[in-house]
Amino acid sequence: MIDFNELKKVQNRQDLLNLLEMHSNEPTYGEVLEKVRYEEELRLLQAQLVNFQKWAAENKRKIAIIFEGRDASGKGGTIKRFMEHLNPRQMRLVALNKPTDVERGQWYFSRYIKELPNEGEIVFFDRSWYNRAVVEPVMGFCTPQQYESFMVQVPEFEHMLYESGTTIIKFWFSVSKDQQLYRFNRRLKNPLKRWKYSPVDEKGQELWDTFTYYKDQMFSRTHNAFSPWVIVKSDDKLDARLEAIRYVLSQFPYTGKTESPVNVNPDPNVVQRYFRTVQQIDF
């Protein structure tokens with residue numbers, strides 16, 4: 001057990017890490033050590049994100065990062081860690097509410113087009129136009145004709161964005177059924193997070209297999225070379241956050257990347273591009 005005299009000697013983060021390492025065989029301190037290591041790794045990766053954003057702004061890159069996945073899969077927490085230390089003038093978060101009556105009468109993609117990144121800007125989409133690929137058909141929020149029209153149009157839409165110079169990164173956060181239920185129960189017990197629980201969440205477990213069917217259709221029909229699907233195994237939220245950041249950093253030749261003090265290549269056991277035989281958690 002760590003005593004007071006040992007704690008008095010701790011002057012900085014490295015001293016704390018060394019002390020926890022000495023006591024890592026004790027279960028409680030092992031858990032604390034894991035969290036401290038995570039925070040240190042996150043801090044270093046976030047510093048690389050700052051470098052990446054500066055490079056993107058200077059080179060007038062247009063970058064859209066899409067976060068999709070089942071409810072409680074860890075999308076929001078990951079977006080928060082991406083954005084935490086970035087310049088707000090050169091990035092935005094897009095989390096649209098349900099469409100208005102006017103928007104429902106427009107071309108489906110219209111309300112997303114105005115949210116696309118400008119030159120030198122990174123835009124994070126907390127859910128996106130892919131609502132129509134999974135959530136809407138599962139919940140009956142669109143007709144079969146609207147669904148099919150979307151599935152035909154979305155590859156062309158994204159190809160036009162690609163040709164106009166927009167880089168699209170599409171993440172799917174893959175959570176297991178048991179872990180989703182566990183997180184739902186925690187939300188309901190936490191007064192600060194209860195607002196996250198919605199009628200759609202309530203149906204998430206009941207309609208699990210239907211969600212799986214439409215998710216698989218989405219992957220099969222909208223995965224391509226210019227905007228591939230990237231699957232992040234997210235039962236472990238901390239790993240998912242770190243590896244998603246690493247994946248984004250690995251995709252761009254930003255200034256300072258080769259001198260990075262932290263590994264910017266994602267763990268293929270956590271993050272991988274979709275292919276038909278990929279092993280997923282939320283099958």
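Colleague: Which residues in helix 11 do Y147, E148, M151, V152, V154, P155 and E158 in helix 8 meet?

Modeller: This is a predicted model, in which local features need pLDDT of at least 70 and side-chain atom pairs count only at pLDDT 80 or more, whereas totals for chains, interfaces and linings use all residues. Residues are numbered from 1 along each chain as its sequence is written, and side-chain values use heavy atoms, with hydrogens and water left out. Helices (DSSP runs of H or I, at least four residues) and strands (runs of E, at least two) are numbered from the N terminus, and contact means heavy atoms within 4.5 Å. On the side of helix 11, the residues that meet helix 8 are Y214, Q217, M218, R221 and T222.

Colleague: How many nonpolar, polar and charged residues does the contact of helix 8 with helix 11 have?

Modeller: Ala, Val, Leu, Ile, Met, Phe, Trp, Tyr, Cys and Pro count as nonpolar, Asp, Glu, Lys and Arg as charged, and the others, Gly among them, as polar. By these classes, the contact has 7 nonpolar, 2 polar and 3 charged residues.

Colleague: At what angle do helix 8 and helix 11 pack?

Modeller: Axes are lines fitted to C-alpha atoms, for helices over the stretch in contact, and angles run from 0 to 180 degrees between N-to-C directions. The axes of helix 8 (residues 144–163) and helix 11 are 10 Å apart. Their packing angle is about 40°.

Colleague: Are helix 9 and helix 10 roughly parallel or roughly antiparallel to each other?

Modeller: Their axes are 10 Å apart, at an angle of about 150°. Angles under 35 degrees count as roughly parallel, over 145 as roughly antiparallel, 65 to 115 as roughly perpendicular and the rest as oblique. Helix 9 and helix 10 are therefore roughly antiparallel.

Colleague: What is the relative accessible area of Q53?

Modeller: Q53 is found in helix 3 (residues 27–58). Leaving out residues up to four places away in sequence, Q53 touches L86, N87, Q90, M91 and I122. Q53 is buried, with a relative accessible area of 3%.

Colleague: What phi does A72 have?

Modeller: Most residues other than glycine have a negative phi. A72, in the loop between strand 1 (62–69) and helix 4 (75–83), is buried, with a relative accessible area of 6%. Although A72 is not a glycine, its phi is positive, at about 65°.

Technical notes: Buried < 20%, exposed > 50% of the residue type's maximum accessible area, 1.4 Å probe, protein only.
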